[in-house]
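Please look through the report that follows alongside the sequence and the coordinates.

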Amino acid sequence: SCTGTSADSSFGFPSLLTSNLGIGVANYGISGSTVGAAGLHPMVSRTSTLTNLTPQPSTVFVLGGYNDAIQNGITENIGDAVTSGTFVYDYAVMMQALVSGMPNTVFYCIGILPTTSAVKGGTTLAQWNAGVKAAIAAVSPNTNIIYIDTVSWINPTTGVDTIDGVHPNPQGYLKVTAGLMARIFPPRRQQPMRTLAERLKG
């Protein structure tokens, strides 16, 4: 299953995962959604959508934080895991609810993809991604949560890997899917091919 923003509510991501994994990938992303409770369709308030599923999914991809980082109308700052009303706090609360309600599920928390949009409040995207990692560290247990760094996956320039500097285009979605597949199923170490002479020697 996928939960998050328009990055996964769009046409490309869940269908590409479905075709690559060979299993169904349900999509629960909502365009414009934030993690924080002060925003739109907050993910921190939508955890029951997943925890009430029967049967529960074996894997959940969590894509959240982008809208929190760029929407200047949202009052929440990055903050920390112990101060309510901050991004890190709400991300930690969200993940704690998911982990507690789905103890046998593996969660892949996807880092915020590169963007050409201005990040609010003089902060950087790296700081918001660090906030995601800080939130994960505050969850107990967090052994089933895996953070995936996406900082180098796409070129956000409009017309290259995105349609608008934010949302991936088909090529961008292919790159994101390939990055996830490589992270979930790392390639096996290949033995160097032997030369013909070496093979003839047995």
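Helix α6 covers residues 125-137, and its 13 residues reach 19 Å from the first C-alpha to the last, close to the 18 Å expected at 1.5 Å a residue; the expected span is 1.5 Å times one less than the number of residues, and helices (H or I, at least four residues) and strands (E, at least two) are DSSP runs numbered from the N terminus. Buried in α6 are Leu125, Trp128, Asn129, Gly131, Val132, Ala135 and Ile136, where buried means under 20% relative accessible area, exposed means over 50%, and partly exposed lies in between (1.4 Å probe, protein chains only). They cover an arc of only 145° around the axis, which puts them on the same side of α6; the arc is that of the directions from the helix axis to the C-beta atoms. On the face turned away from this buried side, α6 carries the exposed residues Ala126 and Ala137.

The model is predicted: local features need pLDDT of at least 70 and side-chain atom pairs count only at pLDDT 80 or more, whereas totals for chains, interfaces and linings use all residues. Residues are numbered from 1 along each chain as its sequence is written, and side-chain values use heavy atoms, with hydrogens and water left out.

The cover over the buried residues of α6 includes α4 (66-70), α5 (87-101), β3 (106-110) and β4. Within α6 lies Gly131, which counts as buried at 3% relative accessibility. Leaving aside neighbours within four places in sequence, Gly131 is in contact (heavy atoms within 4.5 Å) with Ile78, Phe87 and Val88. Gly131 and Asp80 are 51 residues apart in sequence, yet their C-alpha atoms are 7.4 Å apart in space.

## Helix α5

The 15 residues of α5 should span 21 Å at 1.5 Å a residue, and the end C-alpha atoms of this helix are 21 Å apart, which agrees. The buried residues of α5 are Phe87, Val88, Asp90, Tyr91, Ala92, Met94, Met95, Leu98 and Val99. These residues pack against α3 (48-51), β2 (59-63), α4, β3, α6 and β4.

## Parallel strands

Strands β2 and β3 pair in the parallel sense over five bridges, a pairing being assigned if DSSP finds at least two bridges between two strands. The bridge partner of Val62 in β3 is Cys109. Strands β3 and β4 also pair in the parallel sense, over four bridges, and here the bridge partner of Phe107 in β4 is Ile145. β3 is mostly covered, since four of its five residues are buried.

## Aromatic pairs

Rings of Phe, Tyr and Trp (its six-membered ring) pair if their centres lie within 6.5 Å, with planes under 30 degrees apart counted as stacked, over 60 as edge-to-face and the rest as tilted. By this rule the count comes to three aromatic pairs. The rings of Phe61 and Tyr108 have centres 5.6 Å apart and planes at 20°, so this pair is stacked. The pair links distant parts of the chain, with Phe61 in strand β2 and Tyr108 in strand β3, 47 residues apart. Phe61 counts as buried at 2% relative accessibility, and Tyr108 is buried with a relative accessible area of 9%. One aromatic cluster is formed by Phe87, Tyr91 and Trp128.

## Two buried threonines

Thr162 lies in the loop between β4 (145-148) and α7 (170-184) and is buried, with a relative accessible area of 1%. The side chain of Thr162 reaches the backbone oxygen of Pro156 at 2.7 Å, and a polar atom of that side chain lies 2.7 Å from the backbone nitrogen of Gly165. Apart from neighbours within four places in sequence, Thr162 is in contact with Ile154, Asn155, Pro156, Thr157, His167, Pro168 and Asn169.

Thr51 is found in helix α3 and is buried, with a relative accessible area of 18%. With neighbours within four places in sequence again left aside, Thr51 is in contact with Gln56, Ala97, Leu98, Gly101 and Met102.

## The chain overall

The secondary structure comes to eight helices and four strands, and along the sequence the chain follows the pattern β-α-α-α-β-α-α-β-α-β-α-α. Of the 202 residues of the chain, 46% count as buried. Among contacts with a separation of 6 or more, residues 24 or more positions apart account for 66%.

Terms used. Polar contact = N/O pair within 3.5 Å; in protein donor to acceptor, adjacent residues only side chain to side chain.
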